Each structure stands twice: as structure tokens, then as C-alpha cells.
Amino acid sequence: MKQKFILTLVWCLLLASVAWAQTRAISGRVVGSDGAGLPGVTVLERGTTNGTSSNANGEFSLTVQPGASLVVSSIGFESQTVTVGSGSTVNVTLKTSATQLNEAVVVGYGTQSKADLTGSVTQLTARDVENTPVVSFEQAIQGKTPGVVINQTSGKLGAGLQIRVRGSSSVTASNQPLYVIDGIPVTSQDVSSDTEPLNPLGDLNPNDIESITILKDASSSAIYGSRASNGVVLVTTKKGRQGQTKVNVGYYYGTSSATKKRKFLNAAQYKELFSEAAINAGYDDPADAFTENGLDYDSPYDESWVDAGLRRGYVTQYDFNVSGGDAKTRFYLSTTYNDQKGIIVGNRYRRGSARLNLDHSISDKLKVGLNFSLTRSVNDRVPEDNDFSNPIQLNALPPIQPKYDPITKQLNQATLYYNNLLDLQNGMNRAGTYRSFSTAYLTYQPIKGLTLRTETGADFLNLNEELYRAAGTQTGGNSGYGYNNQVQVINYTTNNTATYNFTLHEDHSFDVLGGFSFQRSDTKQTSAEGRGFPNSEFTKIASAAIKTAGSASSQSGYSFISYFGRLNYAFRNKYLVSGSIRYDGSSRFGKANRYGTFGAGSLGWLISEESFLKDNSVVNYLKLRGSYGLTGNAEIGNYASRSLYSAIFYADQSGITPATSVNGVLTYAIGNPNLSWESTAQTDLGLEFGLFKNRLSGEIDVYQKNTRDLLLNRQLPYLNGYSLVTENVGKLRNRGLEISLNGLVIDKAVKWNVGGNISFNRNLITELVDPIVAGGNTLAQVREGEPIGVFYGRKYAGVDPETGDALYYTADGSKTNNPAEASQQKLGNPNPKYTGGVTTSVSWKGFDFSAVGQFVYGNDIYNTAGSYQSVNGDYFDNQTVDQLKRWQNPGDITNVPQARLYASNGTAVSSRWISGGSFFRGKNFTLGYTLPKTLMGESVLKTARLYVTAQNLFTITNYDGYDPEVNSATFGSANYILGHDFYTPPLAKTFLVGINLGF
Amino acid sequence: MKTIFSRSAVALTLGATLALTACEKQLDLAPPQSVDATTALNSEAKVGSAVIGLYAKLDEPSLYGTQLILVPDVLGGDGYVNWQGSFTTYRELIRRTTTSINNIAETIWRVAYQDINQANLVINALEVVASKDLKAQYEGEARFVRADLLFELVRLYGKQYNAGTASTDLGVPISLTPAQTLEDAAVEQPRATVAQVYQQVITDLQAAIKLLPPTNGFRASSYTAKALLARVYLQQGNYAEALTLADDVIKNSGKSLSPTLQAVFTNRNSSESLFEIQQNDQNNAGTSNNGLATFYANIDQLGRGDVQVLGSFSNQYGPTDVRGTDSLTADQTKKLIYIGTGPTRAPDLLRSGKWTSYGQNIPVIRLAEMYLIRAEASFRAGDSETALADVNRIRTRSNATPLTADEISLSAILRERQLELAFEGFRIHDLKRTGTNVTYTATDGTPVTIDITNPRFVLPVPQREINVNPSLIQNASY
């Protein structure tokens, strides 16, 4: 949309410039490296706003000043500057951009060329996200985003992701970036009823995406004011271009399996360990201990329960799109069907989507457009990690108990823990979504350079969750259980902007933006819950005898009113100055603090434009830029500023209690009328360079983000009746370094490109009233002087060689076998020291190959399930194989204490189950072959490409759990419970073959 | 150029001003399913809703919904019940390996103080209650709830009341000020002594007895307050006062023993009920991770069967006693202890028949307890005749052989309390007040004795609470 914006602008300017004196007409053609005409390329007279764009055949014509140079650019291609000279024809061949130095970049409420940009942004294109076996686009760009850490958290399809742009900027408010699709902020927070989030961005078909821009520093993001502190992700969908109609058909199919399975004891090992544990606990006959728990000591079975929860999955996608148009009307139309059968039993995701993006020029000055999409997705979900129904929890079942009852041949119900395969046989857990992202706009150019634009967008989300567990399942009890939840989120925005571009005295270019925006979001939810079904064939709550407490309806909403402006100024295209400001008001803030002002300023110096570097044989591009600005974070919940009373039930009566109620969960939080946004002041210094005609290019950024007025839930003493208050207290800091490099190593018939990026971020809580202790079985804390989510608690000191007791460190460094005497200390850090990725691509004739590797280094993972599964036979949960190394005789040196049934020898939450979480992952390998044109001849088929892809091909890690990319959300979505594994499913390793045909 | 600027500026300003006035009220979005605290208690009806809220809080799993009944039976459960469940928090309690971050210890504390504050808020809002009777009733109910919870807290988090040391032994903080602002809610307070807490409990209950009507539907009446005060005095060892109150309740409350004990639990609000938490299938303490039936019951898919009744305890019932067991399953048994039938538990394990439905009411104080208090206090005062009659009234109701005049003794009365009030949250409190050690036979057959003064029979002050209120002193051994 933003590109269109500029295109229209230049059309307008072209017409206006005809009247000017001393100009002359030129024409030409822009072709790609394959010689085919490139439509929609921007051709701009250098130093002016006079320009045009190429037609379907790549042809253009333009009237220019004598001696002019033309800047020819298009997304995905290297820009070129050509001197017009004396001829009237200019032919240009554009090279596919390997370095992306001069591409057009989507920014807030507009576009800019990368060279003119004074902020820090990362832009990705359609090629980065197309045809990847993922649910949502963020999963496809892992490893390609310096400064942005994307953690998939779990292998569940459609699960919420954890995305951090330049570190965690908040402790209790959201840390997820603001997502803006085609100019409209969309609902990106989970709205489902489950503890573990769904990712609402899975409703956007990745194949519809033209570009993804991540605004990282204050200069680029401050235009989004109170919601910019976590970064802003701008997604632009594909547009039709003037020219011959293009038809694309794509298909892929692949299979997937778990990246890794944790290893557990087999039947013989299990019996050995637990017999020993029982004897050590005082049993004369270990078989008695088995019998007490319903286990058969003489069982002939050796079941692999780990395998029972995982399976081979598949992915398949059908993709069809048509685009084209003429000078008046352009269109892009697409439909996609995606079907993924997950590697976790019961997990499946299907999505069908359709999109129509339409642009029409009513006149040269007036344009309208509509982007409209409709998505239907169906997600057969996996229960949350901390649920006996989670198939990964099957690994806790003793191998001596069989999966099927030997007599009835039905699923065995007499297992130590619930055999949750019964849920799949007799139930469903489905989240179905209807989603529409739509935007309509009107632009008007009353005079040269001035564009008035009004746009209105609506993001309509309808989620229908349905859970059914028949009688005989654990949740179903004796009569069956059903739950149905209907959520409707209507989120609408209107943006009204005026943009004015002009150049004064040739040397001074201005780009001015002013605007107003209003957003309102309303969520309505209705749920029904029931028990008492006649039999398992009745699954709707209409058939439930008892409607239980989960039956409810509720509503929530928020609004924003914003005014904003931006000024970009360039002097001789060398010295760049930019400033932006936003005035934001929100219903979320306390009455005393309803409006806030945010803004940023930045400077840039294009050193390569200076005479001393111009035409330098080594350095062809060099830019130094710096920015400073203030942004906010408003994601604090909608009514946190108020003290509230909510309903509470007493049998058939209803009372009130001084608490807020969310989905029936009461929170005793006292209100704070002074509550306001969280402020982040960010300084960024960046250097961009291109060497050897951009054969080697790169970007280095250093930044410091100081966040103050942290929206913290300060814990209050329980004794006055309240648990917390949300306050603007506390400070934290993120500082970091991002480096990305890209090299075109060979540029002949064979083209070989190598790239890489690495990001360092150091998070530090600099001011905090009281430590925040996540509690439960977690180690997560927030403490002043430590990074967010620091692991803090008892330090495990191994095993006493004499007694086999588990030992812990005390405050004075000595060891104790009494966990209560252990001191609380820092145990680890779930935040990585650095993250990044490496990419390479090779093309030769029709072949193309690309590879993406992703790495995370220096973070710790705590296996919260360790106190059940790696605890030297304390209870009858099956144990991980490393527990066989238990202490047996005095003098044994080992880390695994003596096996003692029920004796809590080493069960205390401690550093015992912390391990390093560093990994390097072969993220994506794709080999493609495009059939030669000669083969097509005169057939309607124009292009054909076959490819094979391996996703998550290998993972190199020392983590002994399932998958090191883990962040269980089961303990609540608290930002500071990081790096905790709790029966969390691994990611999928996928191999697929695909074909794309163009007509 | 200038005109364009100024025109655009005017247009923008105009548009912005219009938009501002139209949208300003859009920023004032009230929460749809809650009300603002400033107006929440400003009428008689609203205060009445808050009083219902006081009782609703008592049904939370952290209070009588589960923990205040279950925890006293699990603490010191050796020889009595076995914890079979996967929740390590309970396993820590029964094995005395509890740590200061034990979630149960934290949530009982938290929710009890939430309700105490709500009681304070109700008392503070009484001036808008126009009806004099209603005003007295509401105050009585609020003081009853506050006293009840302070009593539960001091029993769990403090040492057993001992007249010699109660004025130095640490109890729990006493919160009497309604928290309405952030400043109120942030006040830190040290632990009061056990004596101070008991004094506050007694003061509140004495006031409640005066304020409450003699009957009050299924809510607290003056006799409920008297019955609770009798329990408090008994715990304190003030047998004379306990006797007077128990006697008063038995004679004047109009309550009578239910024909069967089973009916007290399967029916709602039986004739012997003095205070009962009201539940139904929709509003109850929980059906999967909380709730008494969830942990006790083991009837096919109903309940987790986490609490197993040990044979060493069920053997104490006589063969005819319907409170004991006939080793039949729930659908066949005529007795109160049955054989579980849940698929994931070993067969042939005993379960309590008191908690078998998620939506059943939870009797907190019933007349049988008053008879047993009167029996014990009378016996201690030398009146073994009353004691014998009261104990036998309880025994014969359940078809147990009546005791003879030779058999009545303090230990017989105390054993009768255990038999009658089993799985109702009395065990550890009775052991503590009578100084009875926990004894059981280990798996290898050796007898084990755990001293009742073991510090692990006292819950830890939640670590989280100490973190934010450092003036709190932790209990011994944590």
C-alpha cells in the first residue's frame, strides 16, 4: 500500500512537471537479470520527487531536467543510478538484491528508501516466508532478524510465540511487539480461554506477505507512541501490479517428526531402580510398594510411553494466486489451504484463506483501494503442558504398564497416571477461528507533493473453542464434560494523514507527515460449560444435564486517540535529519494520566556521498546514523487503574468481593489512579556500509534502552487483603549490539551469497521495590541487579558419597542434606548471551539452494518436570535414563542421590535440573530447480519450479530434554518465567517437496 | 506554499478538534462486569451482597472448600491417611518435608486475609445500612467470619495455645483496618502473639453472639458463633467456658442429631448443622484440582482418590459401627468408608464416604461436635455421667456399641472425637491440644512416634509474605 502511495505521488508529479520548461522526454525499459521486463519499478529523477513507474513490460517514460540522473529501484532488487546523458533511451538491468541496501523500506505511515533512513529497521521479503511449513510468519523468519529473538516456546501447532525486539522491555506488561498489517494495528494477543496462548497471527497466510518490517529503535518506532517500546512489526500484503495477469499455483507436501525425544527407563531398568528405591525405603518386599500403587511387579510388558505421545505428522499446502491490472485498476487475489497434522497425537491445524487486494485510480489525483481477507482456521489443540491430558505427560507412565488392556484390547485405564490417549478416543479440543483483516483507503493529491489519505481498517476475530471429554475420561468423569467458548474481537482503526514532499533550492528535501488516529477494540465472550451427557454420542452442551460454572459472558475493551507528526529532512542527500512526535491517549490509563507525548529525533550522514569517498573503489556506501527517543508500553490490561468489585458465588446466591475478575479468576489488586504507560528512552547508533560495489555489505547497531515507570505488579502484603498493585515503579535496561553482514562471494554464472547476523542483548533490572518470585515449582525471579527471569533458589551440591543424600549449599558455602537450610542464590540466566543466524544461497542455471541456520547461546533451561521424572525414584513416575547413575554404595561418586521411595531425597526445587540451553539449528534447507524457459516453448505454462525443503533438519545442543527451544507457558504467561520446560512438546522436523507453476 | 501549509494546518486542527470532542468520551471505558470500589458498598443492598461474598470466600478451595478441612487431616496423617496424589505440596505436609514456599501454606494465608479484609470493609460500610436489625446482623456475620479465620490461621501457623507461653508465642498478624487505598493495602505488620490472636477471636465472637439473630437461614446465627466459641475455648483448654457454650447450643439452638451421619453429608443443611458451607453443582470448590470430593472420592471417574484411609484407622471402628467399613464399594456399602473403584488407583483401598460429590455442602460445625465438647469438658470437670450419655448418643446414632460406665475415659472420649469427626479437619488440632504424639507402624513393621511438638506440624509463614513484609518472623525449622 505504501509503495502505491509513492507511485501515485510520482505519477502526479510527472503530470505536473510536463508544464515545466527546459525539460526533455526520455523513455526506456527496465529488465531483470533474465532479460524479462520488470513491472512496477520506481524511476525517480535524482534529487527530486519527479518520477514514474514501469509498466507491465518494464517500459517507462519520463520528462527530466538536462543532465539528470535516474534512480531506478524496486523491492527485492538493487537500486541503480543511471546518468541520462544525451540519448533519449535509457535501458536498465536490475540485479536481484543480495544486500538489500537500497530497497524501499516500509515505515510507520509511509515508505522510505533504506539510504535515507535514519532509524534501525529490519526488513524481510516474501521470499523469507513463502512456502515454509509453519503456522505463522514469525516462525519462518527465525535466524534472519538481528536484534529480534523469536522463540517458538513449544511444538504445539499454532501456539503463541515469544518475540523480543531488543530484549524484554517490561516485567509484567506485555513484551510482544505491536503488529500492524497494512497500516492497521491488529489483535495479536491471545484471546483463548486456555492458559497457554494461541497465536492470533496464524490467521495471516504467510504467502500473502510482501514485506515484513521490524522497527527497532526509537526513531523508527516512536510514531507509534505509547505502544512502540517493544518494537513494531509492519506487515504489508501483496499488491497487484500493472501488466499481464500472472497466475501462480503452488503445492507442497511433507512429513514431520519430533526433533528429539527424551530417553526414559525401559521395563527392566524401571524395575531395577524402583525395587532398590523400595528396599531403601524400608520395604522387605519391593513388590509391596509396587502393589500399593496398582503396579504389577511381575508385569511382562515393556511399553514405550514416550512414543505413545508423539507420531509422524504431515504438512500440505495448496496455494493459488492471480495478480495484475491496468493503469486504472490493479488486483491481487489469492486462496490457500494449509493442513498440518502435528507430531503430537491429537494435534492438527488447518487453514483456508482468501484475500483480495484492490487498488483503483478514480482519477490521477484520487485513488481508492480495499484489502480484504477472510481466514478460517481449525486447530485441534493439545492440552496445556501442566495437564494430565498432555500427551507428553505419558512419559511419566511406568513402562511395565501396557498401553492397551491385554484382555479387553481397549486402552488401558489402570495406569499410574491418566492414560490420556482416552481423550483422543472420546473427545475433542478444537479452536476454530474466522478472521478478517480489512482496510479501505482513499488518497487525494490536491497539489504536487501533497497527499491526503484516509484509511479505515477492521480486524474481526471470531474464535470458537470447543472441548468435549466423554464419560470415562479424566475430565469427563462419570458423565462427560463439555465446554464451548465463543470470543469475538472487533478492533477498528482509522488513520488520517497528510504527507507533503518538496524540495527547496535543489539541496533541501523535505518529507512532512501529520496525522490523527483513533482505535477502539471490543472483546465479547460467551461460554457454556456442562456435565452430565447421556452418552458419548452427545457432545453439545444442549445435552448436558448440568450447566456448570464455566458458563458466562463477559466483555472488555480499550481505545486510543492519537495525533502524530514526522519531519524528514535531507540536505544534498548527505545529511539527514528526522523527527517524530506522537500524542497518545488511552482508556487504559488512570484519569490523572490519560495522555502522553512520545517522540524521537535522529541524524544520519551518508558519508559515501561526500567528495572524499565518492567513486571510491572500495567503499561504495557508508552511512552513520544516530537516534534518541521516547516510546511507551500500554499493554497493562484494560482496567488496571481502577479498584473494582466483582461478583463471587455462593451456591445459588451471588455476592461481591473487592477483586477484578477475568474469566472467573479473581485477582485482589488495588487500583491506582495515577497509572500510566511505561516509558522507554532509547539511544541507537548505527553504521551501514557497502564495499566492493555492495559485494560485501553490512550493518552494525549499538543501542541502549532505558525503561522507567515499569508497569509492575508490586506485591503487597497479603494481610491487608490485596495481593498486588500495578504501579509505575522500577527501571530496567537493555543494551546490545547487532551485527549483520552479507557477502556476494561469487557473482558469475554461479552466484553464491553468504550472510549472517549476531545480536547481543544484556538485560538488567536496575530498580525494583521487592523481588518478584514466580513461586510454585519454578525458579524464576525478578531481582534488582539481575536480568529478568533470573533463576534463583537452592543450589544443588550433588550427593554425599557416604550416605547417598542429596546435598545443597548453605549460605556459608558448606553443604547440607536439609533443603530448608539451603541458601537462596543465583543459579542461572534464561536470557541468551547472543543469538543470531547464518544464511547462504547458491544459484546456478536453474538451480537454487538456500540454507538458514539459527543459533542461541548462553541461556539456561530449567526442567521443571525434573522433580517428577529425574528424581532417583522418589515416586513411581518413570525416570529419565540418567537416574540409573544413582548412588548405591558408600564411596560412590555421582550426581544422582540414593533411590529412596517417597523419601524426598533430592526432590526440592533446586539447580539440580538446570542445564545449558545453547543450540545451533539447521533451520531451513531448500533446493530448487526452475525449468528452463526453452522447455516451456509456447505453452501457457511460463515458469515451473520444483523444490525440496528440510525444516529444523538438525539441532546441535547439550540440552538433554526434548528440544532446547522451549518456554512453557503453563505457569501463566508471566514475562519473567523464561526457559522453563514442563512436559513441553518438541518442535517438528519436516521434509517437504513442492512445486510452483506460473501461467 | 505558505497558504497550503496554513490551509492544511487549519484543516487538520479543525478535524482534530472535532475528533477530540467526539472521541474524548471514548477514552472513558468502564469495566463491563465489575463496579468501581468507590460506589460498590454505598447502599444497604450492596453491603448485603458483600456479606454474601464473605461466605462465598469461605468456600474457596484455600479455605473450607478444601484446605481448612483437608490440611489438618493430612498434617500428621501417619497411621490415619495416606497421600497418594501427585501434588507434592500435600506430600510435603504429610511427610513433614514442607518448605516455606509450599503453595498450600501460601494460599490459605492469602485467601483468609482477603476474607478478613472483606469483613473489615463490611464493618466499615455499615452506616449505609438503614435497618437496625440488618445492620447488627451484618456486623455479627462479618465479626464471625473474621474471628473464624483468625482462629484457623493461629491454629495452623502458630504453636498450640499454651497459657504459659501464649503471650510470647507468635501467632499471626491481626488485621482490623479496612484496606481501601494503596496506602492501606501496603501496611506492614508483625505477627501478634498467640494470646493476642485468641483474645481478638474471643472478642469478635462475643460481639457476634450479641449481634447475630438466633436463626439466620443457612448463615451464621448467634448459636453458630457460640458453637465456634466453644470450639475456640476447647482448643485453648478453657473447658469450663467450652462446657457452658456447648451446653447452651445443645439445649437452646433447636438443633438435633440427624438420624444418620451419612445424611449429614449427602443431604444439605441437616437438623444437626450449625454452620455449613453451601455448594451446588455449579458453584463449588472444584472438580479437578481442588475440592474435597476431588481428593477423597474414588468412585470410578469421580475423584482422584488421593487420600487413602488406612486400615490402622478404620480398624478402630467396631464391627457394627456404620462409620467404619464393610469393605464394599461405594455403590454397595452401607457404611461410611468404602473401597475405591477409580481406574488409576490400586483396588481394595479404603476411602472416606463423607466426601463423594463435588457439589455437596460442607458441614463446618455440627451438633455432634457440641456433644463431644460437652462430654470432654464434663468429664474433665468430674461429671462422667454426662460424658457417657453424650458419647453414647453419638455412638448409638451410628449403631456402635454403647460404652459402659467403666469404659468412659478421657482417651475414650478423644478417640470418639476422632471416629466421629474423621476427615472433617479436626485431627491435628486435637492431637496438638491434647499433646498426643503421632504414632504409626513403618513399612518394615517398626513402631514410630513423632512428637506432636515437631515444628513441621506448624505451617510455615509463606516465604512470599516474608519477602514483602520482613517484619514477619518465620516459624522454627523453616
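The model is predicted, with local features needing pLDDT of at least 70, side-chain atom pairs counting only at pLDDT 80 or more, and totals for chains, interfaces and linings using all residues. Residues are numbered from 1 along each chain as its sequence is written, and chains are lettered from A and ligands numbered from 1 in the order in which they are written.

Colleague: Which strands of chain A stand at the edges of the open sheet of three strands?

Modeller: Strands here are DSSP runs (E, at least two residues; helices are H or I, at least four), numbered from the N terminus, and two strands pair if DSSP finds at least two bridges between them. The sheet has mixed pairing and the order β4-β1-β7. Each edge strand has a single partner, so one side of it lacks a neighbour in the sheet; the edge strands are β4 (59-64) and β7 (89-93) of chain A.

Colleague: In β7(A), what is the bridge partner of A:Val31?

Modeller: Strand β1 (residues 24-31) of chain A pairs with β7(A) in the parallel sense over five bridges. The partner of A:Val31 in β7(A) is A:Thr93.

Colleague: Which element gives the largest share of the side of chain B that touches chain A?

Modeller: Contact (C-beta atoms, placed from the backbone, within 7 Å) links 75 residues of chain B with 89 residues of chain A. Elements giving two or more residues to that side of chain B include α1 (2-24), α3 (44-58) and α6 (103-124). The largest share, nine residues, comes from α6(B).

Colleague: In β1(B), what is the bridge partner of A:Leu644?

Modeller: Strand β31 (residues 644-650) of chain A and β1(B) pair in the antiparallel sense over two bridges. In β1(B), A:Leu644 has as its bridge partner B:Asp36.

Technical notes. Contact = placed C-beta atoms within 7 Å.
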